[in-house]
Amino acid sequence: MEDLIRQLTRFHPWNEQERRDRDVILNCLKTCPDIFFRTNPTMHMSASAWVVNRHRDRVLMAYHNIYDSWSWLGGHADGDRNLLAVALREVREESGITGVRPVSEEIFSLEVLTVDGHEKRGVYVPSHLHLNVTYLLEADDREPLSVKPDENSAVAWFGLDEALSASSEPWFRERIYGKLNEKLKETAGKRTEAKYPIAK
């Protein structure tokens, strides 16, 4: 947990949402019991992935059964304090892609997410919070895809703007996916500048 706290402390928030959500996550890590387990019914850690192709112009999404919407990939920590490993595992399980890798091992984004009460495998899950850490991952968009029937009904690549339009969740479109695309464009711009430095 100490390593995650160090990562969060050195993370540079993109906006006010990330700044305030980082404060919440850090406080919960230091004060809340069982924060990495679903046995904490109020809030627990999760990890998500913004999975892009090599050209950084497509993003991988799954049609999530519970939320009835195209969404990013990710899931619960379930005791694993290595959230990058959680994100990689969830992508492999939810999409069938095996060749996924981190663009960077640093945290890409932070979010405190509200989860409405829902039924899962016949059991009611009360409303709660996901204290979410997002990583930027890369995969080959030519690799075969497969669904994870208990969680999603489709997996597909979308153009960056198409990914926003595909989501039926307004808050995610406006506050999360749009932000991730903007951060991705900035990252791609820095990569181009490093490869082709401007002569002075």
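How do the residues of the lining of the second largest pocket divide into nonpolar, polar and charged? In this predicted model, local features need pLDDT of at least 70 and side-chain atom pairs count only at pLDDT 80 or more, whereas totals for chains, interfaces and linings use all residues. Residues are numbered from 1 along each chain as its sequence is written, and side-chain values use heavy atoms, with hydrogens and water left out.

The lining in question comprises six nonpolar, four polar and five charged residues, where Asp, Glu, Lys and Arg count as charged, Ala, Val, Leu, Ile, Met, Phe, Trp, Tyr, Cys and Pro as nonpolar, and the others, Gly among them, as polar. The second largest pocket has a volume of about 410 Å³, and among its 15 lining residues Glu106, Ile107, Phe108, Lys183 and Thr187 lie nearest its centre. A pocket is an open set of points on a 1 Å grid over the protein atoms alone where a 1.4 Å probe fits, with protein on both sides within 12 Å along at least five of seven lines, and lining residues have an atom within 4 Å of a point.

The largest pocket has a volume of about 980 Å³; of the 45 residues that line this pocket, His64, Tyr67, His76, Val115 and His130 are the closest to its centre.

Terms used: Grid points are joined across faces, edges and corners, and a volume is the space filled by probe spheres set on the points.
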